[in-house]
Amino acid sequence: RGGNCNDLATVGMAAMADLGIKIRKVHEVHIRTEDPGRGDRAAALVKEHGDQNSIFGRHHNDHVYLEIYDSKANDWFPADPWSGIVGNEEWLKARVWFGTRSSLAPDGPDMIVPVAIFAADADGNFTIDRTKHYLVDEFDSLYKGKLHKLPEWNDWSTGVDMIAPKVSGAFAGKVNLLESESEFDRLATIFDKMRQEFKNGKLQ
């Protein structure tokens with residue numbers, strides 16, 4: 001009678017697979033509203049059960065959804081049962097948009113911006129790096145190629161490029177993301193600066 005984002009993605013994947021739709025799971029880590037208690041819980045779980053539990057912490061959290069294959073475009077697009085979002089533009093405007101966002105996710109306001117995104121391979125391991133696709137190329141395209149003109153853009157694109165391998169390592173239980181909290185803090189600051197530039201009309 002309920003479930004978290006992974007539960008809903010699992011049900012959605014099974015339903016669409018029965019219809020012959022080519023689909024795969026996606027696992028991300030995003031900047032989240034700061035919560036020291038969440039950081040303490042993550043540290044305790046890492047100590048007890050290992051580094052895979054570091055995918056959530058004081059200033060970050062993980063999220064699971066789906067990608068559906070579009071044979072005409074020869075590409076994948078996001079479908080998020082947790083947020084009620086289907087389609088590339090809809091996802092971008094719900095997850096990285098600087099303006100007012102639209103999402104059915106109960107925790108949507110706390111999900112500030114993704115910083116690493118990986119799709120599952122044929123074995124179900126999250127090894128297909130979709131970070132640059134969504135958080136650099138599509139993000140910039142959403143703003144008609146104007147984001148890369150912002151002074152913070154190089155720091156953003158470099159920052160997500162650097163954090164992505166660490167997130168991949170955490171998914172595999174080999175990297176403790178709690179040791180990279182300063183990087184999450186920095187990415188949060190960079191994103192907020194870009195959002196302020198947008199509000200100040202620097203993307204007109």
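In this predicted model, Phe98 and Phe191 are both buried. Their rings form a tilted aromatic pair, with 5.4 Å from centre to centre and 45 degrees between the planes. The pair links distant parts of the chain, since Phe98 sits in the loop between helix 3 and strand 5 and Phe191 in helix 6, 93 residues apart.

Both residues belong to one aromatic cluster, which also takes in Trp97, Phe139, Tyr143, Trp153, Trp156 and Phe198. In total, the structure holds 17 aromatic pairs. One of them joins Trp97 and Tyr143: the ring centres lie 5.2 Å apart with the planes at 15 degrees, so this pair is stacked. Trp97 lies in the loop between helix 3 and strand 5, and Tyr143 in the loop between helix 4 and helix 5, so the pair ties together parts that are 46 residues apart in sequence. Tyr143 is buried, at a relative accessible area of 7%.

Beyond its neighbours up to four places away in sequence, Phe139 touches residues including Leu92, Phe98, Trp156, Phe191 and Met194.

As for open space, the largest pocket holds about 170 Å³. Its lining includes His27, Gln52, Asn125, Phe126 and Phe171, and strand 6 and helix 5 each supply at least two of the lining residues. By type, the lining divides into four nonpolar, six polar and no charged residues.

Methods:
Residues are numbered from 1 along each chain as its sequence is written. This is a predicted model: local features need pLDDT of at least 70, side-chain atom pairs count only at pLDDT 80 or more; totals for chains, interfaces and linings use all residues. Side-chain values use heavy atoms; hydrogens and water are left out. On a 1 Å grid over the protein atoms alone, a cavity is a set of points where a 1.4 Å probe fits but cannot get out, and a pocket is an open set with protein on both sides within 12 Å along at least five of seven lines; lining residues have an atom within 4 Å of a point. Grid points are joined across faces, edges and corners, and a volume is the space filled by probe spheres set on the points. Helices (H or I, at least four residues) and strands (E, at least two) are DSSP runs, numbered from the N terminus. Ala, Val, Leu, Ile, Met, Phe, Trp, Tyr, Cys and Pro count as nonpolar, Asp, Glu, Lys and Arg as charged, and the others, Gly among them, as polar. Contact means heavy atoms within 4.5 Å. Rings of Phe, Tyr and Trp (its six-membered ring) pair if their centres lie within 6.5 Å; planes under 30 degrees apart count as stacked, over 60 as edge-to-face and the rest as tilted. Buried means under 20% relative accessible area, exposed over 50%, partly exposed in between (1.4 Å probe, protein chains only).
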